[in-house]
There are 2 protein chains.
Amino acid sequence: MTDIERLADRAKKASREISNLPEEKKNAALRAISAALRASTDVILAANAEDMAAAEKAGTSPAMLDRLKLTASRIEGMADGVDQVAALPDPTGRLLERTVRPNGLVIEKVSVPLGVIGIIYEARPNVTADAAALCFKSGNAVVLRGGKEAVRSSAAIARVMREALALQGIPADCVCFVEDTSRESAKEMMGLVGRLDVLIPRGGAGLIKSVVENSRVPVIETGVGICHVYVEKTADLETAARIIRNAKCSRPSVCNAAECLLVDKEIAGKFLPMAADALSEYKVELRGDDETRRILPEAKAAVPEDYDTEFLDYILAVKTVSGVDEAIAFIAEHGTGHSEAIVTRDDDCAEKFLREVDAAAVYVNASTRFTDGGEFGLGAELGISTQKLHARGPMGLAELTSSKYLIRGTGQIR
Amino acid sequence: MTDIERLADRAKKASREISNLPEEKKNAALRAISAALRASTDVILAANAEDMAAAEKAGTSPAMLDRLKLTASRIEGMADGVDQVAALPDPTGRLLERTVRPNGLVIEKVSVPLGVIGIIYEARPNVTADAAALCFKSGNAVVLRGGKEAVRSSAAIARVMREALALQGIPADCVCFVEDTSRESAKEMMGLVGRLDVLIPRGGAGLIKSVVENSRVPVIETGVGICHVYVEKTADLETAARIIRNAKCSRPSVCNAAECLLVDKEIAGKFLPMAADALSEYKVELRGDDETRRILPEAKAAVPEDYDTEFLDYILAVKTVSGVDEAIAFIAEHGTGHSEAIVTRDDDCAEKFLREVDAAAVYVNASTRFTDGGEFGLGAELGISTQKLHARGPMGLAELTSSKYLIRGTGQIR
């Protein structure tokens with residue numbers, strides 16, 4: 001048995017012990033964790049300083065250094081996040097369905113924890129606390145394997161959480177942390193069939209693709225978003241300009257940001273200059289088709305790959321279309337099933353778009369940026385699922401549960 | 001692009017065309033399919049005769065020949081099954097949740113088809129019609145890849161279904177059939193990431209294990225059942241004997257049959273002879289621990305593997321335990337998460353067992369044989385999921401759907 005197998009077995013054992021823990025005990029433990037995180041600020045910052053020094057020495061990019069860096073206020077934010085999870089309702093033990101069969105069997109379907117959740121993530125220490133809190137609240141044990149640049153910070157956070165759990169009389173192995181950050185350890189996680197109930201990758205497209213393609217443990221695919229905003233010919237153009245600006249510019253590095261603008265040819269002449277104006281404040285680079293460039297000569301010529309790229313930057317692909325059918329077909333071809341929006345005043349068009357676009361979240365007259373657990377009212381989230389199995393869209397606590405059937409009889413046989 | 005990739009792409013295209021088909025159209029098409037199956041009895045029987053001749057020549061076992069063989073009445077049963085699916089409610093287009101957010105966004109979660117479902121199954125021609133009908137009713141296209149011994153029968157059934165669909169103006173590619181039954185074709189199915197939304201293996205433990213371990217497409221694991229009946233010391237022993245007889249003997253070849261009897265030591269002396277008597281009619285071979293053999297000298301000595309074997313036969317492993325805790329621990333160690341039963345008159349024991357046993361279906365005072373879509377009131381089923389992701393227990397139509405969020409706004413930005 002390898003070290004990671006042993007770790008997963010300990011997590012499995014812990015998961016059995018906490019699967020029926022009363023809600024109050026879980027909440028008390030989460031509050032103990034947040035208090036411990038606050039009290040351990042210095043220890044965590046010291047570990048983070050080592051990570052930062054090593055990363056700087058290795059010539060890490062400023063953007064990555066920023067994600068890696070912890071401050072007292074970021075640790076406070078992390079602790080706050082844990083407190084918020086404590087305040088959410090327990091997703092387990094809920095009666096989902098109930099039937100009394102003609103033979104008298106009483107069949108109930110209730111929500112239960114998944115068991116052990118594996119999470120492979122990048123060098124973002126805050127994910128350690130966020131993910132562990134969500135898994136614990138939903139009655140699951142977690143095996144965390146983060147990126148190597150943040151390993152000291154993440155290990156320190158995991159250690160604080162484990163100690164806080166143990167002090168509450170709860171198995172520390174509810175939160176297991178893989179200190180080995182080699183490629184092999186990630187590969188091994190993907191092979192833990194029977195030990196992990198699900199594996200969730202959190203990070204960039206490369207990480208997600210690698211986990212989806214290589215894991216033999218069931219995976220929930222998260223996050224890649226090539227999101228479109230389609231401006232239909234009846235749209236209120238002021239609204240459309242406001243929406244594309246928000247969808248592109250309010251936070252371009254996240255998966256629910258728009259990457260492509262589709263515009264009906266009939267209104268392109270009027271709308272594209274308005275859009276360009278709305279985006280100019282952020283110096284957004286436009287990459288358009290011929291029709292777009294006829295109207296906006298300053299736009300660059302789009303190459304085919306531009307319509308299949310998650311820029312995560314102030315770049316926007318633009319295409320003119322003949323109407324809602326072409327827009328829907330284009331999205332089917334180039335979208336990633338994340339978030340898609342139409343701006344229109346035509347109800348039939350709106351309903352057609354809602355019905356026919358196959359994505360986790362389909363919007364009428366609103367920004368794609370709302371695809372988020374908090375914005376949807378789910379509380380915290382563990383990521384946005386872009387697959388169709390088990391969970392689709394923002395994954396809150398309910399998505400971290402399974403169900404079981406409880407059948408009460410009086411001696412029935414078949 | 002390989003033939004199977006091309007086939008899957010055609011299924012994907014068809015799945016888009018039927019994802020919003022009105023319920024009445026789907027039901028009419030299913031009734032056209034059942035009529036066509038009945039009208040094509042001779043053609044299907046002729047294809048089946050060729051399969052049977054080849055299988056007999058190859059020295060196939062009588063049990064397998066029986067599963068392979070079609071008769072007019074079996075085809076009638078198949079057509080009936082399709083009619084029953086037509087009579088079930090449409091699982092798609094259902095409003096699952098609705099919220100109005102403080103910013104005025106109206107967020108609805110609705111059920112939608114999964115898209116394209118791949119099914120790898122064995123030489124059981126009836127699965128072709130059953131599975132295709134369930135997938136179609138839930139708005140999905142299906143790619144069927146059956147066992148080679150039944151390929152002529154299954155291909156004939158698929159052809160009849162496809163023709164009936166086309167005559168209704170519905171894309172025949174909703175039902176795609178892989179004629180290549182080589183190992184390579186199964187392997188290829190498991191690699192169709194992005195083309196298949198889910199892969200469901202239906203068959204024996206070997207097939208399921210191979211798919212679970214090798215597929216890169218998301219899998220729903222079905223069916224392996226090492227199910228226990230635990231007779232607690234307060235049990236009504238007559239009831240317990242009736243339940244173990246039913247759970248073991250009513251159909252030993254299926255996954256919800258019991259494979260192991262656990263008995264509290266305190267009542268073993270009284271109960272085991274009653275159980276042996278109840279099982280004697282079916283000449284069940286008992287394989288017990290030392291305590292069992294002291295009470296029932298005729299029982300064979302169990303070897304450790306007997307407690308980890310799905311016998312699917314008139315064989316029962318027997319073990320004495322010290323009480324409910326040992327029973328639960330034993331089931332956690334040796335069960336496959338399918339169906340587990342306790343027989344007891346102690347409510348606390350019953351509730352503890354329901355709470356702590358981690359299986360798709362947990363029974364109090366009833367036979368494990370009830371784990372079945374029909375018995376649970378779901379109508380037909382596509383198998384019993386023993387995994388925790390997406391579906392757990394009998395998979396009816398609802399389990400063949402996903403969801404999407406529809407968000408209606410009035411220009412909201414974040």
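A residue is called buried here if 20 or more other C-beta atoms lie within 10 Å of its own, exposed if 12 or fewer, and partly exposed in between, with C-beta atoms placed from the backbone. Helices (H or I, at least four residues) and strands (E, at least two) are DSSP runs, numbered from the N terminus.

Before you click around: this is a predicted model, where local features need pLDDT of at least 70 and side-chain atom pairs count only at pLDDT 80 or more, while totals for chains, interfaces and linings use all residues. Residues are numbered from 1 along each chain as its sequence is written, and chains are lettered from A and ligands numbered from 1 in the order in which they are written.

**Stop one: β4 in chain B.** Select residues 141-145 of chain B, which form strand β4. This strand is mostly covered, with five of its five residues buried. A141(B), V143(B) and R145(B) point one way, while V142(B) and L144(B) point the other way.

**Stop two: the neighbours of β4.** Now bring in β5(B), which pairs with β4(B) in the parallel sense over three bridges. Here V142(B) has V175(B) as its bridge partner.

Right-handed means that, with the strands pointing away from you, the path from the first strand over the helix to the second runs clockwise. β4(B), α7(B) and β5(B) make a right-handed unit too.

**Stop four: Q168(B).** Go to the loop between α7 (151-167) and β5 (175-177) of chain B and pick Q168(B). Is Q168(B) buried or partly exposed? Q168(B) counts as partly exposed because it has 16 C-beta neighbours inside 10 Å. Leaving aside residues up to four places away in sequence, Q168(B) touches A28(B), A29(B) and A32(B); a contact needs C-beta atoms, placed from the backbone, within 7 Å. A29(B) is 139 residues apart from Q168(B) along the chain, yet their C-alpha atoms are separated by 6.3 Å.

**Last stop: chain A.** Colour domain 1 (3-220 + 395-408) and domain 2 (227-374); such bounds come from an automatic or database domain assignment. Their centres, taken over C-alpha atoms, are 35 Å apart. Finish on helix α10(A), where the buried residues include T239(A), I243(A) and R245(A).

Terms used
Two residues are in contact if their C-beta atoms, placed from the backbone, lie within 7 Å. Two strands pair if DSSP finds at least two bridges between them.
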